Amino acid sequence: MTATQSPATRDARRSMFLTAAREAVGMPAIVLGASYLGFGSLVRESGIGIWLGLFSTLSAWALPGQVALVELYGVGASLVVISLAVALTNARLMPMTITLMPLIHDPAVPRWRYYLYSHFVAVTAWAFSMRRCPEMPRDVRLPYFIGFASVLWAASLIGTAAGFLLADAVPQEITLGLVFLNPIYFMLILATDLRHRARVLALGLGVVLGPALHTVSHDWGLMMTGLIAGTVAFGADKLLAARNV
Amino acid sequence: MSEGAGSQAWIIVVLLAGAVATYVWRALGVALSGRINPGGPVFEWVGCVAYALLAGLIARMIVMPVGPLQTTDLGIRILSAVLALAVFFAFRKNIFLGVTAGTLALIALTLSGIRLF
């Protein structure tokens with residue numbers, strides 16, 4: 001593919017951007033918006049302001065890390081613990097970015113711009129782009145990814161604001177349900193793909209160690225859970241594989 | 001939660017640190033794309049740690065919540081989570097239906113005033 005910007009190419013890119021945006025409006029935006037509804041309510045109930053909640057969604061835009069951050073802030077964890085826990089929760093973004101970049105790379109686009117676009121790497125837009133982009137011409141893949149992710153980003157911000165305002169307006173029992181949405185959503189996300197043995201072991205050990213180590217230390221309990229359960233699961237899987245189990 | 005300029009500045013610092021701790025992985029991904037294999041054992045280990053950390057967080061949020069969910073009954077929270085899983089698997093892993101069922105169950109059971117434990 002050459003680096004020319006003919007009117008035809010520009011039209012094709014614009015049209016793919018809009019196609020992607022239309023694909024995202026609907027189930028992907030609804031599901032993500034609803035999950036951010038829970039985050040907005042959690043923010044409200046944690047005593048954090050709406051603008052700061054929106055700032056979190058705008059600047060981080062990776063829900064598991066955002067929920068972990070608010071929860072650890074709530075138990076009064078230190079900055080080191082919060083940063084490490086968020087970093088460990090979101091480390092998956094690196095391999096995701098590494099696998100997506102070659103797919104959406106356009107030689108006509110300067111390299112530094114990918115550092116901006118990479119902010120859009122989050123699970124839903126990533127999964128759709130990984131599936132849809134290989135069947136497209138190279139020069140419309142980047143517009144697809146950006147068009148899709150832009151809508152989801154907007155849906156996340158709307159969800160955050162709506163969740164915050166709802167938590168204020170509805171009876172306390174419904175607010176509790178909205179906050180409860182956070183753990184339930186992630187539980188089901190994790191239950192979606194149970195084929196990978198090491199990860200299933202990590203899930204099982206994490207469920208047991210999470211509450212147990214929380215009683216040992218509110219500050220470090222979550223970090224220890226991730227490192228211990230994750231490493232044991234990884235090692236156990238390798239040992240089992242070595243014995244051909 | 002204490003009000004005031006101090007706690008406001010603190011949460012801003014926490015949120016900025018969280019944003020940096022998130023973006024750094026995306027930037028590294030761009031920098032390293034094409035140079036390292038994302039299917040290697042280091043990423044596999046990182047994936048396991050992230051899964052365990054999230055599973056631990058979810059279990060803790062359900063079993064011993066720190067915020068307003070403390071006012072709800074432990075039995076209701078567990079029953080609602082189990083119901084969410086059941087609906088999720090019954091409807092071919094439909095996340096939307098599962099989440100809706102779990103959330104509505106918690107609201108309805110809490111409103112009914114039942115205490116299971």
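In chain B, 49% of the contacts with a separation of 6 or more join residues 24 or more positions apart; a contact here means heavy atoms within 4.5 Å. This is a predicted model, where local features need pLDDT of at least 70, side-chain atom pairs count only at pLDDT 80 or more, and totals for chains, interfaces and linings use all residues. Residues are numbered from 1 along each chain as its sequence is written, chains are lettered from A and ligands numbered from 1 in the order written, and side-chain values use heavy atoms, leaving out hydrogens and water.

Let's stay with chain B. Reading along its sequence gives the pattern α-α-α-α, with four helices and zero strands. Helices are DSSP runs of H or I with at least four residues, and strands are runs of E with at least two, numbered from the N terminus.

How does the radius of gyration of chain B compare with that of a compact globule of 117 residues? Chain B has 20 Å, while the globule would be near 13 Å. The radius is taken over C-alpha atoms, and the globule rule is 2.2 Å times the number of residues to the power 0.38. Along the principal axes, the C-alpha atoms fill a box of roughly 55 × 50 × 20 Å. Of the 117 residues in chain B, 49% are buried, meaning under 20% relative accessible area (1.4 Å probe, protein chains only).

| Span | Helix and strand | Distance between end C-alpha atoms |
|---|---|---|
| Residues 72-94 of chain A | 74% helix, 0% strand | 23 Å |
| Residues 198-214 of chain A | 100% helix, 0% strand | 23 Å |

Methods: Buried means under 20% relative accessible area, exposed over 50%, partly exposed in between (1.4 Å probe, protein chains only).
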